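Here are some notes for your first read of this model. Keep the sequence and the structure open side by side as you go through the points.

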Amino acid sequence: MMNNSLIDSALAEVWEWREQLRQTCEGMSAEEEIAYIHKDVEDFLRNSGFQLVPIGNGQSRLQRMGTSSLNP
């Protein structure tokens, strides 16, 4: 990673994450990569107390865990 005081540390961190993801997904098909990222996002949301609830047409909405999907 480039050591440049002109690059914000948050931006440098994002570049680091992208590089790690690129290395992790290297050799995966597009479908495998999407499934990997989707699982990673679902794990993050679950650990943060949220879940994705399907609403149809391939779309989902975010819901706090422990609440009814009927009462968002």
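1. Which two side chains meet in a salt bridge at 2.7 Å, N to O? They are those of R46 and D43. Find both residues in helix α2, which covers residues 30-47. They sit three residues apart, or about one turn of the helix. In general, an α-helix has 3.6 residues a turn, so residues three or four places apart point the same way.

2. Now check how open this pair is. R46 has 46% relative accessibility, so R46 counts as partly exposed. D43 comes out at 22%. The cut-off for buried is under 20%, and D43 therefore counts as partly exposed too, at 22%.

3. A word on what you are looking at. This is a predicted model, so read each distance and angle as a property of the prediction. The protein chain has two helices and two strands. Along the sequence, the pattern runs α-α-β-β.

4. Next, the chain as a whole. It has 72 residues, and 8% of them count as buried. The accessible surface of the protein chain is about 6,200 Å². Carbon and sulfur atoms account for 53% of that surface. Take the contacts between residues at least 6 apart in sequence: 0% of them join residues at least 24 apart.

5. Turn to helix α1, residues 9-25.

6. Look at both ends of α1. D8 caps the N-terminal end. A side-chain oxygen of D8 lies 3.1 Å from the backbone nitrogen of A10. After the helix comes G27, with a positive phi near 90 degrees.

7. How many salt bridges does the model hold? The count is four. One of them joins R22 and E19, at 2.6 Å from N to O. R22 and E19 are three residues apart in helix α1, so about one helical turn separates them. Another links R22 to E26, with the closest N and O atoms 3.5 Å apart.

8. How exposed are these three? R22 is partly exposed, because its relative accessibility is 43%. E19 is partly exposed as well, with a relative accessible area of 31%. E26 has 58%, so E26 is exposed.

9. Return briefly to the α2 pair. R46 and D43 both lie in that helix, three residues apart. Elsewhere, salt bridges that share partners join E19, R22 and E26 into one network. R22 forms a salt bridge with E19 and with E26.

10. Last, the strands. Where does N57 sit? N57 is in the loop between β1 (50-56) and β2 (59-64). Its phi is near 55 degrees, a positive value in a residue other than glycine. Most residues other than glycine have a negative phi. N57 counts as exposed, because its relative accessibility is 81%.

How values were computed. Residues numbered from 1 in each chain as written. Predicted model: local features only at pLDDT ≥ 70, side-chain atom pairs only at ≥ 80, totals over all residues. Heavy atoms only, no water. Helix = DSSP H or I, 4+ residues; strand = E, 2+ residues; numbered from the N terminus. Buried < 20%, exposed > 50% of the residue type's maximum accessible area, 1.4 Å probe, protein only. Contact = heavy atoms within 4.5 Å. Areas by Shrake-Rupley, 256 points an atom, 1.4 Å probe, with all protein chains shown as cover. Polar contact = N/O pair within 3.5 Å; in protein donor to acceptor, adjacent residues only side chain to side chain.
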